[in-house]
Amino acid sequence: MKPSISLFLKNIFSFETAFVLFLFSYQYKNAHPIFLNPDITLVLIGILIPWALCIKYKSHEPLFTKETLPFILFSIWCVVSAFWAPKSSYTISKTLCFVVYTLPTFFMGYTVIGTNIQRLKRFLVVVLVFSIFVHLEAYRIFYYAHGSIVDVLGNNYLVTGQTLGCGFIILVVWSLDLLQGSLSSRNLQYKSVSDIRIYYWLLILLCGTFFYIQLNLGGRGPVIAVFLVLIAIYIYGFLQVSNRQLYLQHFLHLILVCILSYWLLKWMFTAKTDHFIARTYAFITTPELDDPINWRIGYYHSAINAFLSHPIIGVGFGGWKNHYDIGSLPWQHPHNIVLEVLSETGAIGGVLGVLFAFTILGKIPYKNLTNSLYMTPLCLFFFAIINALKSGDLNDNMLLFVMAGIVLNFEKLSAQTKISQRIS
């Protein structure tokens, strides 16, 4: 009993728990003034940086490698480009946030989370637990709001949609792994096949509850991002001849549970329709585009014009706001990470960004993705990319950069896996 309590406390008060609270602090920091004074994100990064440095020095993991060089060059160019951006509080705050938040996030993913199998597993478990709590809170608020679009923990549907999307993807990948039976011998040491089935159906049922609340939050982008990731998972699975039947079985289970959950929960909440279907249907059938779509089209046109007018070095980090003359609106970025990089850092920043992207793609073990140790971070990485293509400032897309750091370390994780298998 005592070892179990000790292990529980070790997991709760771990680096990974603090890191997840930092990574998703935007989800809950507006829920109560205690998280804003002082700012919980700043407090947590102040704790995590020295903590990460201690872990790094003990493990002797290098910061500067051929894998991290493209990101370092890209980051240096982003910060340098701020010098020719119009001087404003937004430019300064964006640059500071990139240096204080985004840079450490990438290196923590690369040197701490991505170099140790146990830390990576604990990180993913904490992400899942956090997303489950958020999805329960979303249900609570949704019930008292009588089925209307709701803000969860003080944040809008886009923020909550990204949090729930992460949890949903983890549930899908891990339930796939359970169906293969690989966890029974490799990770969780289940006692029998019946135990595996219980855990499998528990995860599948959770997928159903996540599915319904995501459809009702109102955000189209996060739901579409989840769908695209799921399509990629099943296409990959169907291309694997040996696992095709398994993926088909899982797909049918997931579809069945999601449909049953949708109709059952819709009846329980007496909801007339879900907001995702209603907003998407209106977008397809109505000649006039809704405001969010119109705003984004305007942002995209402006970002393209900014790039064409300053093709080499861009308008400077944070300079697009002044180019577009967006005024005092809080969303002061092009809502597309590619157009943001091109418009603010020019072709030089674009080339460095592409180099960084190809470095990541070159580290993906395409023939060994059935292992959830690789599939889960990779799916979260692509989910973060899709989200970054429709929303989020460059320095706000911390999920993208931490997952990039983890993917870059797949070779080290593979080596650790082989060693542990030999020992066992």
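## Overall make-up

The protein chain has 19 helices and 0 strands, taken as DSSP runs numbered from the N terminus (helices are H or I of at least four residues, strands are E of at least two). This is a predicted model, in which local features need pLDDT of at least 70 and side-chain atom pairs count only at pLDDT 80 or more, while totals for chains, interfaces and linings use all residues. Residues are numbered from 1 along each chain as its sequence is written, and side-chain values use heavy atoms, with hydrogens and water left out.

Of the 424 residues in the protein chain, 53% are buried; buried means under 20% relative accessible area, exposed over 50%, and partly exposed in between (1.4 Å probe, protein chains only). Contact means heavy atoms within 4.5 Å. Among contacts between residues at least 6 apart in sequence, 79% join residues at least 24 apart.

## Nonpolar cores

A nonpolar core is a set of buried Ala, Val, Leu, Ile, Met, Phe, Trp, Tyr and Cys residues joined through side-chain atoms within 4.5 Å. The largest one has 115 residues, and Phe15, Phe19, Phe123, Ile233 and Leu394 have the most contacts inside it. Helix H7 (residues 117-144) gives the most to this core, with 13 residues. A second, separate core of 6 residues includes Tyr299, Val315, Trp320 and Leu339.

Leaving out residues up to four places away in sequence, Leu394 touches Phe74, Cys78, Phe98, Thr102, Phe317, Ile337, Glu340, Val341 and Phe401.

## Aromatic rings

The structure holds 28 aromatic pairs. Rings of Phe, Tyr and Trp (its six-membered ring) pair if their centres lie within 6.5 Å; planes under 30 degrees apart count as stacked, over 60 as edge-to-face and the rest as tilted. Phe24 and Tyr26 form a tilted pair, at 6.1 Å centre to centre and 45 degrees between the planes. Phe24 is buried, at 1% relative accessibility, whereas Tyr26 is partly exposed, at 21%.

One aromatic cluster is formed by Phe15, Phe19, Phe22, Trp51, Tyr101 and Phe123. Lys94 lies over the face of Phe317, at 4.8 Å from the ring centre; a charge sits over a ring if NZ of Lys or CZ of Arg is within 6 Å of the ring centre and within 35 degrees of the ring normal.

The expected span of a helix is 1.5 Å times one less than its number of residues. For the 24 residues of helix H8 (residues 157-180) this gives 34 Å, and the end C-alpha atoms are 34 Å apart, which agrees. H8 is mostly covered, with 21 of its 24 residues buried. Gly181 follows H8 and has a positive phi, near 80 degrees.

Helix H12 (residues 244-269) has 26 residues and should span 38 Å; its end C-alpha atoms are 37 Å apart, in agreement. Its buried residues include Leu246, Tyr247, His250, His253 and Leu254. Ile235, in helix H11 (residues 220-239), is partly exposed at 46% relative accessibility. The C-alpha atoms of Ile235 and Tyr247 are separated by 9.2 Å, with the two residues 12 apart along the chain.

## The loop at Asn395

Asn395 is in the loop between helix H17 (372-388) and helix H18 (398-407), and is buried at 7% relative accessibility. Beyond residues up to four places away in sequence, Asn395 touches Lys94, Cys97, Phe98 and Thr102.

The side chains of Asn395 and Asp396 are joined by a polar contact of 3.4 Å. Such a contact is a pair of N or O atoms within 3.5 Å; within protein, one must be able to donate a hydrogen and the other to accept it, and residues adjacent in sequence count only if both atoms are side-chain atoms.
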